[in-house]
Each structure stands twice: as structure tokens, then as C-alpha cells.
Amino acid sequence: MTASYPAFRYMGLRSSLPLPHWSVVLSQMLFYFILEDFVFYWGHRALHTKWLYKHVHSIHHEHATPFGLTSEYAHPAEILFLGFATIIGPALTGPHLITLWLWVILRVLETVEVHSGYHFPWSPANFLPLYGGAEFHDYHHRVLYTKSGNYSSTFIYMDWLFGTDKGYRKLKALEELEGKQS
């Protein structure tokens, strides 16, 4: 963040008063999450091609059962590659510094939460129908290699649209059926 500050200033980042109105912050956060999810999906899906998985993304997948810190455990090329998804929204909108900080904090909290392995009572997955959450991402880490699916970072709409969550949905249907039979 510190190293990228001059570039963000060039793209319109502001740090002076007045602070942005809450509606501006909220609309930018929503835009950032949707755009980040779209860009991340395609980048993450590309990382699951045979060559990129073997040479780059397999480091992140060393942990079949992820925990919070594994969210940031990755090859440097992957951090740069997928980090682009996180900064593209703010780079396009030139937000206030407070908005940028809030975005980065929310993004890191989200990725740590989905890698935690726990479905917390306060998880957005309990309140937002399109939010993937830890259970959705745990499946991605359990079914390793290039055909795991569930490539989205936050929301599940891209996996649903492109059918890359079919294995997960099939597993959930089986678990629901077994639960009804018990």
C-alpha cells in the first residue's frame, strides 16, 4: 500500500477533508466487491490450469484443510496476479484514502474468514444468499488440482454462471438427502 501510494494519488486518491459521504463509500465497496470477484474468478480459474497450478498455485494448495493464515500463503507471482483483482476497483474510481483502507481491511477479513475452516454465526454467508463463505471455499481446497471449481473469492455467482460449482452443489444435495434420511 505504501509503495503504491504515488500511483493511487495519480489515479485520483484523495486524503483531505471532507470525508466521503457514507453512500459513496457504500456504493464503492459494492462496486469493488463485484468487480474484484469477477476479475479474481478468471485469474483464479487460470491458476488452476495444469502449468500454472504446478508452478505457482500449488503452493497455496499445500493445505487441503485451510486455516486463516493460508489465505496469504502463496507464490509471489500469485500474490501479484490475484492482487490485481483487489486494486482494480480503487484504481478505477480514485477513492478517498479512508475508503481504500476500509476496502483493504474488508477484503483481508473476507479472505481470512473463508480460509478459516469455520462457519461462524456472524459469517456473511448466514445473511447474504450469494456469499460463498468458508464451507464453499473449503470444498475448493479439498478437491485439489485443476478441476476443483469454486474459484470465486467472495460471491458464488460466477461459479454458478459457468457451472464450476457443480461438484459442490452435488455434494450439498447428497448431504441434504442423507440428513433427511437420518
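Colleague: Which side chain does the side chain of His57 make a polar contact with?

Modeller: The side chain of His44, at 3.1 Å. A polar contact is a pair of N or O atoms within 3.5 Å; within protein, one must be able to donate a hydrogen and the other to accept it, and residues adjacent in sequence count only if both atoms are side-chain atoms. Keep in mind that this is a predicted model, where local features need pLDDT of at least 70 and side-chain atom pairs count only at pLDDT 80 or more, while totals for chains, interfaces and linings use all residues. Residues are numbered from 1 along each chain as its sequence is written, and side-chain values use heavy atoms, with hydrogens and water left out.

Colleague: Where is His57?

Modeller: His57 is in the loop between helix H3 (50-55) and helix H4 (76-93). Helices here are DSSP runs (H or I, at least four residues), numbered from the N terminus.

Colleague: Is His57 buried or exposed?

Modeller: His57 counts as buried because its relative accessibility is 0%. Buried means under 20% relative accessible area, exposed over 50%, and partly exposed in between, with a 1.4 Å probe and protein chains only.

Colleague: What is His57 in contact with, leaving aside neighbours within four places in sequence?

Modeller: His44, Leu47, His48, Leu52, Glu78 and His140. Contact means heavy atoms within 4.5 Å.

Colleague: New topic. How do H2 and H4 pack?

Modeller: Their angle is about 155 degrees and their axes are 9 Å apart. Axes are lines fitted to C-alpha atoms, for helices over the stretch in contact, and angles run from 0 to 180 degrees between N-to-C directions. H2 and H4 are therefore roughly antiparallel to each other. Angles under 35 degrees count as roughly parallel, over 145 as roughly antiparallel, 65 to 115 as roughly perpendicular and the rest as oblique.

Colleague: And how do H2 and H5 pack?

Modeller: At about 45 degrees, with axes 11 Å apart. That angle makes H2 oblique to H5. Residues of H2 including Met29 and Phe33 meet residues of H5, among them Trp103 and Leu106.

Colleague: Which residues form the largest nonpolar core?

Modeller: It has 8 residues: Val25, Met29, Tyr32, Phe33, Trp103, Val114, Tyr131 and Phe155. A nonpolar core is a set of buried Ala, Val, Leu, Ile, Met, Phe, Trp, Tyr and Cys residues joined through side-chain atoms within 4.5 Å. Helix H2 (22-47) and helix H5 (97-114) are the elements that give two or more residues to this core. H2 gives the most, with 4 residues. A second, separate core of 5 residues includes Phe40, Leu47, Leu82 and Ala85.

Colleague: What about H6, how many of its residues are buried?

Modeller: 8 of the 10 residues of helix H6 (residues 133-142) are buried, so the rest of the structure largely encloses this helix. Among them are Phe136, His137 and His140. The buried residues of H6 pack against H2, H5, helix H7 (157-162) and helix H8 (166-181).

Colleague: Which peptide bond is cis?

Modeller: The one from Leu17 to Pro18, with omega near 5 degrees. Pro18 is in the loop between helix H1 (5-10) and H2.

Colleague: What is phi of Asn150 near?

Modeller: Phi is near 50 degrees, a positive value in a residue other than glycine. Asn150 lies in the loop between H6 and H7, and its 0% relative accessibility is why Asn150 counts as buried.
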